[in-house]
Amino acid sequence: MILFAVLVAAFAVSYLVLRHGRHRDAARWAMAVAMMFAGVSHFADPASFVQLLPEFVPYRDALILVTGVIEILLGIGLLIPRRLRREVALALVAYLIAVFPANVYVAVADVPVDYLGGGNPRADRHSHGRSPASGWGFGMRFTPRRPRTA
């Protein structure tokens, strides 16, 4: 839920700072901030992320740190010049698809997620809240663009 709040707040600030009507740029900045926030979170509290992986996954601690680096790099990548944005966006989509099974595992295996707050550490709130955010990122990449006028 914190990640969703970061995403919404970053979008609102970006939309206000950038010229009005530039919702795609604001969404790109918001997704970049959210990805970097999520990546840094992997280093700040790796134990919270390790519990989201099944026991049979090898090197869970290292995998969490590697995915943190990937999320930070993808966030930075969303802010690079236009000529590479498509490749970065496709890499982000591939990454979100790759980590989606962990969200399904959390929901199906009823993994308690301790850091949610709100008095209900049930997994279904975490995984179902993250899935729409993943879908939003995917949708923002593949929505048709209107041609820009000079």
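The model is predicted: local features need pLDDT of at least 70 and side-chain atom pairs count only at pLDDT 80 or more, while totals for chains, interfaces and linings use all residues. Residues are numbered from 1 along each chain as its sequence is written, and side-chain values use heavy atoms, with hydrogens and water left out.

**Overall fold**

- The protein has 6 helices and 0 strands, where helices (H or I, at least four residues) and strands (E, at least two) are DSSP runs numbered from the N terminus.
- Of the 150 residues in the protein, 35% are buried, meaning under 20% relative accessible area; exposed means over 50%, and partly exposed lies in between (1.4 Å probe, protein chains only).
- Among contacts (heavy atoms within 4.5 Å) with a separation of 6 or more, 58% join residues 24 or more positions apart.

**Packing of α2 and α5**

- Helix α2 (residues 23–44) packs with helix α5 (residues 85–108) at an angle of about 50 degrees, and their axes are 13 Å apart; axes are lines fitted to C-alpha atoms, for helices over the stretch in contact, and angles run from 0 to 180 degrees between N-to-C directions.
- That angle makes α2 oblique to α5, given that angles under 35 degrees count as roughly parallel, over 145 as roughly antiparallel, 65 to 115 as roughly perpendicular and the rest as oblique.

**Nonpolar cores**

- The largest nonpolar core has 14 residues, and Met31, Met35, Leu78, Leu92 and Tyr95 have the most contacts inside it; such a core is a set of buried Ala, Val, Leu, Ile, Met, Phe, Trp, Tyr and Cys residues joined through side-chain atoms within 4.5 Å.
- At least two residues of this core come from each of α1 (2–17), α2 and α5.
- Neighbours within four places in sequence aside, leucine 78 is in contact with Arg28, Met31, Ala32, Arg85, Val88 and Leu92.
- A second, separate core of 9 residues includes Leu53, Val106, Val111 and Val113.

**Backbone at tyrosine 59**

- Most residues other than glycine have a negative phi.
- Tyrosine 59, although not a glycine, has a positive phi of about 55 degrees.
- Tyrosine 59 lies in the loop between α3 (46–50) and α4 (60–77).
- Tyrosine 59 is exposed, with a relative accessible area of 70%.
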